[in-house]
Amino acid sequence: MEQAGQYVMVFIETAGLFAPLIFISFHLLRPLFFVPVVFICVSGGILFGAFAGTLYSLIGITLSSIVFYLIVQWAPKTLQRFVNLRKRLLKNTEFTTTQIAVLRLIPFIHFHLLSLCLLELSRNFKDYAKASIVSNIPIAFVYTTLGQWISTLSPLFVLIILLLFIPLIYVLRRKEIIIKWQDFFQTAT
């Protein structure tokens, strides 16, 4: 994996003006090769710097989310399998867009599982696209800005950061309670 990553980095560095397009294309091909989003964002920070790398990563991640949206709309059976998987993994938890943005910062949570959560929150493509852009900004900014430093962090430091995200997810949760009519007005038997 590391050798393939180095090959990709050398290829992009020698691409010249086409480097941003190739980099954005890697974001679109990323799910086919099971490459984490974090790896590509960090590579963008190393190759293009914080500002340009964040911009290219945001474009690539958002296009990847839109491709996911189009695929699940085109294949409803696949969407239903994803929904069933989400229900098994996350039960009936509903996340807000802000929570999804925070969860995307955690490297081992599946990117498109969170895109599915955004899809369930959205009423139409326009809502999904807006929520996708908003939730993609933190991951593109944080990992591109940290760039070369993220790979040198100690495992203990990474664990501490992840533990700090847990209370943040709780604080940013949706604060409403839904009580079914039958549960609220139980009939006397």
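Q: Where does Leu119 sit?
A: Leu119 is in helix 7, residues 111-121; helices here are DSSP runs of H or I with at least four residues, strands are E runs of at least two, and both are numbered from the N terminus. This is a predicted model, so local features need pLDDT of at least 70 and side-chain atom pairs 80 or more, while totals for chains, interfaces and linings use all residues. Residues are numbered from 1 along each chain as its sequence is written, and side-chain values use heavy atoms, leaving out hydrogens and water.

Q: Is Leu119 buried or exposed?
A: Leu119 counts as buried because its relative accessibility is 12%. Buried means under 20% relative accessible area, exposed over 50%, partly exposed in between (1.4 Å probe, protein chains only).

Q: And what does Leu119 touch?
A: Leaving aside residues up to four places away in sequence, Leu119 touches Tyr69, Val72, Gln73, Leu79 and Tyr128, with contact meaning heavy atoms within 4.5 Å. Tyr69 is 50 residues from Leu119 in sequence, yet their C-alphas are 7.5 Å apart.

Q: How many residues of helix 7 are buried?
A: Nine of its eleven, so helix 7 is mostly covered. Among them are Phe111, His112 and Cys117.

Q: OK, switching topic: what about Ile59?
A: Ile59 lies in helix 4 and is partly exposed, with 36% relative accessible area.
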